[in-house]
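Hello,

Here is the structure I promised to pass on to you. Could you open it beside this message while you read?

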Amino acid sequence: MTPFGLRRRLKEALGLGPAAARAEETVQLDVMLPDGSAHTVRCEPRYTLVMATQTLATPIATGCPDGHCGGCHVDVLAGADALVAPSAAEQRLLADKHAGRPDVRLACHAKLASSGARIRVHSVWSMESTRGET
């Protein structure tokens, strides 16, 4: 082991370390925004849908800091099997807030397992909505 992890840093810079292998492992998510525009984002597996859309100019809006409001719901249009199965907490929230809609997932809970998911977003974050202008 060298001081300051120099050996590890050199391997990563040359593409020989584990960080280089992780960087190549990305999944693709197709997103349809409320305005009808379609976007494709790439991210690491296990990212939530909210995290995956942070690269968009208008990412998915969340209504609470801890994932209990149900406001970040999205419709899964295709590729539901590309998402990790809902946790018990997400299942409870979906039953309370979106009962009878099997195609709905909560973007703050739903995680990507592989490529192929296509979602429709109902609410996006914008500076105007934060200011109360819309």
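First, some housekeeping. This is a predicted model, in which local features need pLDDT of at least 70 and side-chain atom pairs count only at pLDDT 80 or more, while totals for chains, interfaces and linings use all residues. Residues are numbered from 1 along each chain as its sequence is written, and side-chain values use heavy atoms, with hydrogens and water left out.

The fold

The protein has 5 helices and 5 strands, where helices (H or I, at least four residues) and strands (E, at least two) are DSSP runs numbered from the N terminus. Along the sequence they follow the pattern α-α-β-β-α-β-α-β-β-α. Of the 134 residues, 31% are buried; here buried means under 20% relative accessible area, exposed over 50%, and partly exposed in between, with a 1.4 Å probe and protein chains only.

The 5 strands form an open sheet with mixed pairing, in the order S2-S1-S5-S3-S4; two strands pair if DSSP finds at least two bridges between them. Strand S2 (38-43) and strand S4 (104-106) stand at the edges with a single partner strand each, so one side of each has no neighbour in the sheet. From one strand to the next, the twist averages 35°, with axes taken as lines fitted to C-alpha atoms (for helices over the stretch in contact) and angles running from 0 to 180 degrees between N-to-C directions.

S1 pairs with S2 in the antiparallel sense over 6 bridges, and Val 31 has His 39 in S2 as its bridge partner. The hairpin of S1 and S2 has 5 residues between the strands, and Gly 36 in this hairpin takes a positive phi near 95°. S1 also pairs with strand S5 (residues 117-121), in the parallel sense and over 4 bridges; there the bridge partner of Leu 29 is Ala 117 in S5. Val 27, Leu 29 and Val 31 make up the covered face of S1, whereas Gln 28, Asp 30 and Met 32 make up the uncovered one.

Residues in the loops

Two residues to look at sit in the loop between S2 and helix H3 (49-52). Arg 46 belongs to this loop and has a positive phi of about 80° although it is not a glycine. Arg 46 is exposed, at 54% relative accessibility. Thr 48 is in the loop between S2 and H3 too, but Thr 48 is buried, with a relative accessible area of 10%. A polar atom of the Thr 48 side chain lies 3.1 Å from the backbone nitrogen of Met 51.

Further along, Ala 61 is in the loop between H3 and strand S3 (73-78) and counts as buried at 13% relative accessibility. Ala 61 and Ala 107 are 46 residues apart in sequence, and their C-alpha atoms are 9.0 Å apart in space.

Cavity and pocket

On a 1 Å grid over the protein atoms alone, a cavity is a set of points where a 1.4 Å probe fits but cannot get out, and a pocket is an open set with protein on both sides within 12 Å along at least five of seven lines; lining residues have an atom within 4 Å of a point. Searching the whole structure gives 1 cavity of 30 Å³ or more, and the largest cavity holds about 40 Å³ of space. Its lining consists of Thr 62, Gly 63, Cys 64, Gly 67, Cys 69, Gly 70, Gly 71, Cys 72 and Cys 108.

The largest pocket has a volume of about 160 Å³, a volume being the space filled by probe spheres set on the points, with grid points joined across faces, edges and corners. Among the residues that line the largest pocket are Val 76, Leu 83, His 98, Arg 101, Asp 103 and Arg 105.

Best wishes

Note on methods. A polar contact is a pair of N or O atoms within 3.5 Å; within protein, one must be able to donate a hydrogen and the other to accept it, and residues adjacent in sequence count only if both atoms are side-chain atoms.
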